[in-house]
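Could you walk me through this model in the viewer, stop by stop? I would like to know what to select next and what is there.

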Amino acid sequence: MRATVIHAPHDIRVEEVPDPAVRQPTDAVVRVVLACICGSDLWAYRGESARKPGQRIGHEFLGVVEETGSAVSGLRPGDLVVSPFVWSDGTCDYCAEGLTTSCPAGGFWGQVGSDGGQGEAVRVPFADATLVRLPAEALSDDRLLAGLLTLSDVLGTGHHAAVGAGVRPGATVAVVGDGAVGLCGVLAARRLGAERIIALGRHEARTAIARTFGATDVVAERGEAAVEAVRRLTGGHGAHAVIEAVGTEQSMRTAVAVTRDGGTVGYVGVPHGSGTGLDLSDMFDRNVSLRGGVAPVRTYIPELLPDILDGTIDPSPVFDLTVGLDGVPGGYKAMDERIALKVLVKA
């Protein structure tokens, strides 16, 4: 089959790789229908996170089950399913606690020795625990299908940030970052009942989506100017809950600075310098809390799925460019150059 591999920074290729097959009784093989490119994939693309030449890449996909192992009881060939970006066994203490990303038997798509989501098919370990069945009729609705794909990562990650930040009905929320995760954080904050949502971003096409998703205000400034703008909008106090969806030093400094005393920052931006943006003395003095990390999206899918199916939320606008599998290298380039927000891949 064909799949996306990375050979070096800025060297993404679609190549022939071995077909996936059931290796363990708990495995399933899924034929990919839709995949996408994540902002976190760009760190490997830019050479800021290490990859072995020829390593698979991509961690977001949905598709149709083609084959199951003998121990798989909850799925059968022909089922439409979505996969979170981490597989997990569903039986360990961490899985029982909802922290599926810490499952000792788990792993990430695209890690050495595993399939990546940006290909024609994927071998899924622990299929019963990992995959979530979707309504078959979604296959005939392109917009719904794209929305369901966000369950694999960005919607659940935005939700994780909102939950970590303590978003509640009536709260004022600030969202630092106008990428797909930040935009989904806006959507999650609205869903959780936030009264005011301040989106920090400079790209008009993205902030337009943020407004569609529920942002009441947009701050285009950066750094100290952004902090001053948020403070002005909040009567000098800052936001009760702040979503940090970038992961840089500047984004973390901004997030902490716009947090109201006693508030919380929910951080899900993959850290690349954000640790140096923390001033623990300032956070201590103002009782600012920090919660977040890698999102256990498998835990959130059952909660978020019904709202997508009934139209309560529609995260599909985060996809603004669609390519076939052969177009994936160009999709990376488009996202790297900020020509595209998030690229949908039709496998």
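Predicted model: local features only at pLDDT ≥ 70, side-chain atom pairs only at ≥ 80, totals over all residues.

Residues are numbered from 1 along each chain as its sequence is written, and side-chain values use heavy atoms, with hydrogens and water left out.

Now show the whole of strand 1 (2–8) and strand 2 (11–16). They pair in the antiparallel sense over six bridges; two strands count as paired if DSSP finds at least two bridges between them. Helix and strand numbers run from the N terminus and follow DSSP runs (helices H or I, at least four residues; strands E, at least two).

Which residue in the turn of this hairpin has a positive phi? Select His 10: its phi is about 65° although it is not a glycine. Two residues lie between the strands of the hairpin. His 10 counts as partly exposed because its relative accessibility is 47% (buried is under 20% relative accessible area, exposed over 50%, partly exposed in between, with a 1.4 Å probe and protein chains only).

Strand 1 has another partner to display: two bridges join it to strand 4 (residues 55–56), running antiparallel. Pick Val 5 and you will find Arg 56 as its bridge partner in strand 4.

**Helices 5 and 6**

Next, select residues 154–164 for helix 5 and 180–191 for helix 6; they pack at an angle of about 60°, with their axes 7 Å apart. Helix 5 is therefore oblique to helix 6. Here, angles under 35 degrees count as roughly parallel, over 145 as roughly antiparallel, 65 to 115 as roughly perpendicular and the rest as oblique. The axes are lines fitted to C-alpha atoms, for helices over the stretch in contact, and angles run from 0 to 180 degrees between N-to-C directions.

Among the residues that make it are Val 154, Leu 155 and His 159 of helix 5, and Val 181, Cys 184 and Arg 191 of helix 6. The contact residues divide into nine nonpolar, four polar and one charged (Ala, Val, Leu, Ile, Met, Phe, Trp, Tyr, Cys and Pro count as nonpolar, Asp, Glu, Lys and Arg as charged, and the others, Gly among them, as polar).

**Helices 8 and 9**

Move on to helix 8 (residues 223–233) and helix 9 (residues 249–257), which pack at about 25° with their axes 10 Å apart. These two are therefore roughly parallel to each other. Select Gly 223, Val 227 and Arg 231 of helix 8 with Gln 250, Thr 254 and Ala 257 of helix 9 to bring up their contact. By class, that is two nonpolar, three polar and one charged residues.

Now colour the strands of the open sheet in their order, 13-12-11-14-15-16; the pairing is parallel. Which strands stand at the edges? They are strand 13 (217–219) and strand 16 (289–292), each with a single partner strand, so one side of each lacks a neighbour in the sheet. Four bridges join strand 15 (residues 259–267) to strand 16, and Thr 264 stands opposite Ser 289 in strand 16.

**Last stop: Arg 338**

Finish in the loop between helix 12 (328–336) and strand 18 (343–346), where Arg 338 is found. Arg 338 has a positive phi of about 60° although it is not a glycine. With a relative accessible area of 41%, Arg 338 is partly exposed.

Definitions and conventions: Contact = heavy atoms within 4.5 Å.
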